[in-house]
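Trainee: I should like to learn how to read the features of a protein model. May we go through one together?

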Amino acid sequence: MATSRLSWQAWRARPLLVSSVTLLGVGAFYTSRSFLLPTGHAESPEPSKVFGGFGFTTLRLKSSTTVNHNTKRLVFEFPDEAATSGLSLTSALLSISRPEGRWLPVLRPYTPISSLEQPGFIEFMVKKYPNGKSSTHLHSLKPGDTLTFAAALKGFPWTPNKFSQVYLIAGGAGITPIYQLVRGILENPNDKTKINLVFGVNTEQDLLLRDELEEYRNRFPDRFNYLYTVSHPQEQGSPLRKGYVTEELLRNVVQDPGKDTHVFVCGPPGMEDSLVGSRCAPGGILGRLGFTKEQIYKF
Ligand SMILES: Cc1cc2nc3c(=O)[nH]c(=O)nc-3n(C[C@H](O)[C@H](O)[C@H](O)COP(=O)(O)OP(=O)(O)OC[C@H]3O[C@@H](n4cnc5c(N)ncnc54)[C@H](O)[C@@H]3O)c2cc1C
């Protein structure tokens with residue numbers, strides 16, 4: 001693992017940790033007082049921060065929209081419509097749910113795709129995995145249902161302009177933290193970082209947030225570019241590149257792995273291992289391209 005503390009992969013690979021957190025979670029779940037309590041103060045001039053302090057936060061689902069065969073967008077409303085998330089860039093939120101028929105709650109992190117400064121609501125994009133405990137539960141939620149969040153998980157400590165450019169490599173649903181970063185950088189007028197995104201998916205349908213990414217490329221043509229690669233294209237004559245995220249592809253994208261660049265990676269285990277290496281196969285494509293471990297962050 002590179003510099004990340006708890007990657008998508010590591011999260012899934014730590015049943016013991018998850019059970020311990022779960023047990024802690026159960027206690028807190030039942031003793032929490034924060035259910036749907038507005039966190040704002042009428043006399044306070046500053047909008048309140050929903051995830052700014054301690055305690056669990058329960059939010060009501062406002063809408064659930066199907067994106068494709070396995071993905072939905074879920075919008076949760078804040079109790080105070082002027083409140084903002086209070087999250088820092090690259091954060092995720094740890095959700096707690098009690099899928100039907102399960103005694104213990106299930107804890108899973110999800111990454112907001114709405115602006116972290118957005119007042120009134122927060123939006124997630126959730127991929128449903130076959131027999132996935134949490135993702136199946138989240139997909140079953142209807143407007144008016146609630147979901148509880150236990151904690152905010154900080155990701156990479158982003159500092160505007162610390163790097164001249166960044167390479168972002170996403171696979172499938174791993175686009176969510178990558179998109180949050182793209183959005184945070186480009187929407188900050190003081191941040192001039194250039195962004196090169198490589199997004200690998202199975203089929204064209206899996207190109208999540210495609211319209212949003214295209215809009216950013218139109219707005220920031222000198223600072224933001226992306227390349228899509230589709231391993232199993234289903235459309236005849238698709239203009240998109242066919243194949244996986246390979247060394248050859250990245251050699252064409254990465255102009256200079258210099259010290260003032262950084263790479264962010266989020267995708268399925270096989271893709272992440274081939275990029276950053278694994279215990280069984282140390283090294284990895286990014287190492288061969290000249291990036292050091294310190295230059296690589298795995299969500
Ligand atoms: C920091 C962080 C942020 C995340 N943000 C998002 C997000 O914004 N949107 C989102 O959809 N997910 C996100 N995830 C993944 C999410 O937390 C869950 O792991 C995912 O929803 C599956 O949970 P589950 O309980 O449904 O599946 P489980 O019951 O844990 O697993 C069911 C089956 O699905 C497989 N599976 C589970 N997760 C994955 C995976 N990531 N890749 C491949 N196979 C898998 C398992 O191997 C198993 O076979 C994030 C993870 C982390 C660590």
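The dialogue below moves from the overall fold to strands, a helix and the ligand.

Mentor: Please note at the start that this is a predicted model, in which local features need pLDDT of at least 70, side-chain atom pairs count only at pLDDT 80 or more, and totals for chains, interfaces and linings use all residues. Residues are numbered from 1 along each chain as its sequence is written.

Trainee: How many helices and strands are there in the protein chain?

Mentor: Helices (H or I, at least four residues) and strands (E, at least two) are DSSP runs, numbered from the N terminus. The protein chain has eight helices and twelve strands.

Trainee: Which strands form the open sheet of six, and in what order?

Mentor: Strands of a sheet pair through backbone hydrogen bonds, either parallel or antiparallel. Two strands are said to pair if DSSP finds at least two bridges between them. Here the order of the open sheet is S10-S9-S8-S7-S11-S12, with parallel pairing. Its edge strands are S10 (241–242) and S12 (296–298), each of which pairs on one side only. Within the sheet, seven bridges link strand S7 (residues 165–171) to strand S8 (residues 194–201) in the parallel sense. Tyrosine 167, for instance, has asparagine 196 in S8 as its bridge partner.

Trainee: Which strands are joined to S3 in the antiparallel sense?

Mentor: Strand S6 (residues 146–153) runs antiparallel to S3 and is joined to it by five bridges. Strand S4 is also antiparallel to S3, again with five bridges. Isoleucine 96 stands opposite threonine 148 in S6, while serine 97 has valine 106 in S4 as its bridge partner.

Trainee: Why is strand S3 described as largely enclosed?

Mentor: A residue is buried if 20 or more other C-beta atoms lie within 10 Å of its own, exposed if 12 or fewer, and partly exposed in between, with C-beta atoms placed from the backbone. Strand S3 (residues 92–97) has five of its six residues buried, so the rest of the structure largely encloses it. Across the protein chain, buried residues make up 36% of the 299 residues.

Trainee: What span should helix H4 have, and how far apart are its end C-alpha atoms?

Mentor: The expected span of a helix is 1.5 Å times one less than its number of residues. Because helix H4 (residues 175–186) has twelve residues, it should span 16 Å, and its end C-alpha atoms, 16 Å apart, agree. Ten of the twelve residues of H4 are buried, so this helix too is largely enclosed by the rest of the structure. Among those buried are Ile175, Thr176 and Ile185.

Trainee: Which residues are closest to the ligand?

Mentor: A residue is near a molecule if its C-beta atom, placed from the backbone, lies within 6 Å of it. The ligand is surrounded by 26 residues, the closest being Tyr129, Gly132, Ser134, Ser135 and Thr176. Elements giving two or more residues to this shell include strand S4 (106–110) and helix H3 (133–140).
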